[in-house]
Amino acid sequence: MPEESINRRRLITMGSAAAASALLGPSLVPAEARAAATWENLVEKSSFASATAFAQEWNHGYPWGDVHNGAARMLSSKVSLSGGVLTLTATRLAQPDGQSASPPHAPLWYHSGAVHAKEQIVVNDQFPEYDIEGEFRTQTGQGIWPAFWTTGIAPDWPPESDVLEYVGDSTNLFNTWTKDAGENDPAERTRLSGHNPDAWHKYRLWMEKDGDDVLLDYYFDGVWQATHRGVGWAGVPQYLIINLQMGSWASGIEPGDALWSQQPGPSGNSYFRARNVWFGRTRAW
């Protein structure tokens with residue numbers, strides 16, 4: 001691992017530039033980190049503390065509507081706040097609530113919740129670094145598909161970064177989607193298993209501009225897991241989304257399968273919880 005990368009990863013796990021300087025020495029701390037005025041928070045950890053705080057920094061649903069590529073329709077009534085914790089609840093219905101307008105057009109057997117940040121992510125020369133982090137706990141298993149992710153604003157997809165994604169099992173997927181990969185496969189994927197997703201864990205993504213690309217460092221519970229490259233991501237606006245999707249690929253089936261119309265999954269409620277979610281960026285000018 002290059003020494004420059006080691007220094008950068010050590011720096012972003014520290015609590016402040018001063019702490020990093022004490023560890024690494026001032027000459028190894030980036031100028032952006034040394035100048036506190038260049039850092040700005042876009043979403044604060046306190047944004048789930050009240051309905052008022054939430055409304056200042058988050059919107060309900062997906063940026064494009066109430067459905068996506070799964071079997072759930074997202075409703076604001078399935079999003080709740082208590083004690084600084086955001087809870088998304090997915091409920092199995094007695095019959096489908098129509099069909100998703102997004103491929104693969106799953107029948108909507110669930111009502112669930114999604115939220116997205118009002119502030120967008122744009123890694124460019126003015127904002128060369130972003131730090132995105134949150135603590136989450138989620139149920140997993142067949143039909144359950146929670147995610148904490150970024151995605152390009154239409155028609156610019158990819159980019160997409162999946163910081164937390166469990167697709168029907170207890171293995172987290174750190175995924176990076178770029179235009180040089182096939183439409184159905186991420187350009188890079190790092191799997192993480194051997195933990196209990198239904199306990200509080202910290203998921204973190206550090207983005208850094210590298211020419212026309214963006215370097216992405218993925219962390220779990222403060223430990224670096226992988227570095228991916230977002231090819232051609234620089235300058236492309238992205239949304240930050242938290243959602244509890246259900247069914248579809250998480251059910252282990254595809255369109256045309258015998259059980260596709262039933263979307264196998266939990267018969268009652270499923271939960272995805274978040275706290276201390278925040279993100280910020282460096283400002284070069």
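Phe174 and Tyr218 are both buried, where buried denotes a relative accessible area under 20%, exposed over 50% and partly exposed the range in between (1.4 Å probe, protein chains only). The model is predicted: local features require pLDDT of at least 70, side-chain atom pairs count only at pLDDT 80 or more, and totals for chains, interfaces and linings use all residues. Residues are numbered from 1 along each chain as its sequence is written, and side-chain values use heavy atoms, with hydrogens and water left out.

**Aromatic contacts**

Rings of Phe, Tyr and Trp (its six-membered ring) pair if their centres lie within 6.5 Å; planes under 30 degrees apart count as stacked, over 60 as edge-to-face and the rest as tilted. Two of the pairs are tabulated below.

| Pair | Class | Centre to centre | Angle between planes |
|---|---|---|---|
| Tyr62 and Trp64 | stacked | 5.0 Å | 5° |
| Phe174 and Tyr218 | tilted | 5.2 Å | 40° |

Phe174 belongs to strand β11 (residues 172–177) and Tyr218 to strand β14 (residues 213–220), so this pair ties together parts that are 44 residues apart in sequence. Strands here are DSSP runs (E, at least two residues), numbered from the N terminus.

**Charges over rings**

A charge sits over a ring if NZ of Lys or CZ of Arg is within 6 Å of the ring centre and within 35 degrees of the ring normal. Arg275 lies over the face of Trp200, 4.0 Å from the ring centre, and Arg281 lies over the face of Phe127 at 3.6 Å.

**Backbone geometry**

Most residues other than glycine have a negative phi, and most peptide bonds are trans. The loop between β5 (85–92) and β6 (110–112) contains Pro104, which is joined to Pro103 by a cis peptide bond with omega of about 5°. His105 lies in the loop between β5 and β6 and has a positive phi of about 60°, although it is not a glycine. With 34% relative accessibility, His105 is partly exposed.

A cis peptide bond also runs from Trp157 to Pro158, with omega near -10°; Pro158 is located in the loop between β9 (144–152) and β10 (160–165). Ser248, in the loop between β16 (238–246) and β17 (269–282), has a positive phi near 55°. Ser248 is buried, at 0% relative accessibility.

Notes: Helix = DSSP H or I, 4+ residues; strand = E, 2+ residues; numbered from the N terminus.
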